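Here is a short tour of one protein model. It covers pockets, a strand and a helix residue.

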Amino acid sequence: MTRALLLVLVTGLAVAGGVAWWLQRPLPLPAAGAELSIEPGTAPRQIARDWVAAGVDVDERLLYAWFRVSGQARQIRAGSYRLQPGDSVRDLLQRMVAGDSVMQAVRLIDGWTFRRWREELARAPGLRHEAAHLDDAALMAALGLAGRAPEGRFLPDTYLYGPGVSELTVMRRAAQAMQRTLDAAWAQRAPDLPLRSPDEALILASLVEKETGLAADRGRIAGVFINRLRLGMPLQTDPSVIYGLGTAFDGDLRRADLRRDTPWNTYTRRGLPPTPIAMPGRAALQAALHPEATRALYFVARGDGSSVFSDDLAAHNRAVDRYQRRASPP
């Protein structure tokens with residue numbers, strides 16, 4: 001009996017010593033360290049999984065078990081955290097519980113282009129700028145999205161980060177947020193839409209985003225585009241033409257520009273353009289996938305942010321005369 005108790009005691013001490021060693025040993029990290037931004041409400045199990053995905057070479061089940069056994073799993077705070085070589089599992093949890101992160105924010109605005117957002121990130125204070133030398137293709141590869149066009153792939157929102165965090169980390173969060181939002185919206189889309197994939201919904205949402213000057217018009221603008229897609233009519237949306245012109249656009253869209261063929265010229269080509277033309281927000285995604293039922297096939301801006309909608313070309317031409325050509329006072 002005494003020998004059995006001694007064996008249990010020795011085994012217990014060995015296990016305790018092993019746990020203490022595991023908690024204190026330096027974590028296996030990439031040479032540059034590892035960083036993670038934790039959104040409010042993220043479950044501890046997901047946090048453990050995300051740290052492993054961020055480069056911490058540890059069993060995520062053991063990491064999650066430590067969060068639970070410590071009694072501090074529910075005390076982990078949202079924030080942006082960075083691990084340096086030499087940090088341990090115990091250091092990791094203590095840092096997250098203490099909220100040891102000075103937060104700054106960068107905002108991606110609905111309707112911004114990818115180029116515009118890269119410029120914003122380049123100016124954001126406190127970020128570690130690792131993407132400045134990367135072209136768009138290399139940047140997308142660094143984000144794990146090789147071969148995908150960057151336009152439209154990042155969700156407009158405000159993103160918090162800690163000092164020294166890589167801009168790639170912020171971009172990765174925005175890309176993941178867009179994918180989650182797009183997947184959820186696509187799963188709940190209205191029936192019988194002439195859209196074959198979530199990517200087509202994203203493209204349409206970007207057109208709606210750029211054409212909408214008044215939020216109340218968003219669903220009807222989407223309805224006009226849906227009607228045109230069903231009928232095989234060209235979408236004839238100026239913002240897409242402008243996007244196709246790129247840096248050649250000087251702020252004045254001319255008739256010659258509408259005839260200059262590019263993959264994004266929706267006057268010379270039918271159907272959706274090949275990529276989004278901007279970053280659509282949540283409201284534009286919802287409008288694209290739940291368009292307003294309308295018979296309208298045309299719309300024209302009044303000049304005050306709102307649009308006039310017409311069911312036929314004759315009515316549309318009258319609206320254009322009134323609000324664009326100024327043939328009569330508004």
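## The second largest pocket

This is a predicted model. Its second largest pocket holds about 640 Å³ of space. The lining of this pocket is made up of 23 residues. Closest to the centre are E35, L36, A54, R172 and Q176.

The most comes from α7, which supplies 6 residues. Sorted by class, the lining of the second largest pocket has 9 charged, 7 polar and 7 nonpolar residues.

## Strand β1

Buried here means under 20% relative accessible area.

In a regular strand, side chains alternate between the two faces of the sheet. Both faces of β1 are covered. On one side lie A34, L36 and I38, and on the other lie E35 and S37. All of these residues are buried.

Which strand pairs with β1? The partner is β2 (residues 79-83). The two run in the antiparallel sense and share 5 bridges. In one of these pairings, I38 has G79 of β2 as its bridge partner.

## The largest pocket

Rolling a probe the size of a water molecule over the atoms shows where empty space is left. How much space lies in the largest pocket? The volume is about 950 Å³.

The largest pocket has 28 lining residues. Nearest its centre are D238, Y267, V300, H316 and V320.

By class, the lining of the largest pocket divides into 14 nonpolar, 8 charged and 6 polar residues.

Is L231 buried or exposed? Its relative accessibility is 57%. The cut-off for exposed is over 50%, so L231 counts as exposed.

How far is L231 from D100? In sequence, L231 and D100 are 131 residues apart. In space, they are 57 Å apart, C-alpha to C-alpha.

Technical notes
Residues numbered from 1 in each chain as written. Predicted model: local features only at pLDDT ≥ 70, side-chain atom pairs only at ≥ 80, totals over all residues. Heavy atoms only, no water. 1 Å grid on protein atoms, 1.4 Å probe; cavity = no way out; pocket = protein on both sides within 12 Å on 5 of 7 lines; lining within 4 Å. Points joined across faces, edges and corners; volume = space filled by probe spheres on them. Nonpolar A, V, L, I, M, F, W, Y, C, P; charged D, E, K, R; others polar. Helix = DSSP H or I, 4+ residues; strand = E, 2+ residues; numbered from the N terminus. Buried < 20%, exposed > 50% of the residue type's maximum accessible area, 1.4 Å probe, protein only. Pairing = 2+ DSSP bridges.
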